[in-house]
Amino acid sequence: SIKAYGEQEQAETRLLTATKGNVEMQQSLIESARELQQVSTFGDEEIIAQQAYLASLGMTESQIEDVIRASMDLAVGTGQTLEFGVKNLAKTFGGLTGELGESLPMLKELTKEQLMAGEAVDVVSEAFEGQAAAVAATGTGPLKQLSNVFGDLKEEGGKVTKKSGEITFEG
């Protein structure tokens, strides 16, 4: 429990740092991560870590939410990780298609300006729409979601233990 809470707390702290201390944005993104966890097989701490990465790149809250949603569907649709989807979609905001351009030829049709405006996120969202939610509802998806809920319960147990003063975190 303590380890699970420590990991969650670190992810949330990284997000706060990445948002330059914007508590309102941090809390909104954390709530979004919790909601996305409920409709996917991705844990909220995994989502929060990727939100922190995008925030550190200077993306707006809206851009972060759009990239995360598209990346979840992309990851499930391509058998890749959430991190793969996020990092590669983030590259498109710099005008590059990278690895995504190799596997998704429709991205090569976008101009550099369109990529920088975030249109690759729209293309990916349309191509892979709903895949993360569909997988969460079938096969072992519900079991993974149950595991995520259990992880949240462990985090809460660790939070209570930490607040009761029985343990302190250092470093």
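This is a predicted model: local features need pLDDT of at least 70, side-chain atom pairs count only at pLDDT 80 or more; totals for chains, interfaces and linings use all residues.
Local features need pLDDT of at least 70 and side-chain atom pairs count only at pLDDT 80 or more, while totals for chains, interfaces and linings use all residues. Residues are numbered from 1 along each chain as its sequence is written, and side-chain values use heavy atoms, with hydrogens and water left out.

**View 1. Helix α2 crosses helix α3.** Helices here are DSSP runs (H or I, at least four residues), numbered from the N terminus. The axes of α2 (residues 23-38) and α3 (residues 44-56) come within 8 Å and cross at roughly 135 degrees; axes are lines fitted to C-alpha atoms over the stretch in contact, and angles run from 0 to 180 degrees between N-to-C directions. That makes the pair oblique, the label for whatever is not under 35 degrees (roughly parallel), over 145 (roughly antiparallel) or 65 to 115 (roughly perpendicular). The crossing is right-handed, meaning the near helix is turned clockwise from the far one by less than a right angle. On the α2 side the touching residues are L29, I30, S32, A33, R34, L36 and Q37, and α3 answers with D44, I47, I48 and Q51; contact means heavy atoms within 4.5 Å. Sorted by class, that is 6 nonpolar, 3 polar and 2 charged residues.

**View 2. L36 sits in helix α2.** L36 is buried, at 8% relative accessible area (buried is under 20%, with a 1.4 Å probe and protein chains only). Setting aside neighbours within four places in sequence, L36 is in contact with I47, I68, R69 and M72. Look also for A132: its C-alpha atom is 9.6 Å from that of L36, although the two are 96 residues apart along the chain.

**View 3. Helices α3 and α5 pack together.** Their axes are 10 Å apart, at an angle of about 15 degrees, so α3 and α5 run roughly parallel. This crossing is right-handed. E46, I47, Q50, Y53 and L54 of α3 meet L82, E83, V86, K87 and A90 of α5.

**View 4. I47 and the largest nonpolar core.** A nonpolar core is a set of buried Ala, Val, Leu, Ile, Met, Phe, Trp, Tyr and Cys residues joined through side-chain atoms within 4.5 Å. Among the elements giving two or more residues are α1 (2-18), α4 (61-78) and α8 (119-128), with α4 giving the most, 7 residues. Beyond neighbours within four places in sequence, I47 is in contact with A33, L36, Q37, F42, I68, M72 and L82.

Technical notes: Ala, Val, Leu, Ile, Met, Phe, Trp, Tyr, Cys and Pro count as nonpolar, Asp, Glu, Lys and Arg as charged, and the others, Gly among them, as polar. Buried means under 20% relative accessible area, exposed over 50%, partly exposed in between (1.4 Å probe, protein chains only).
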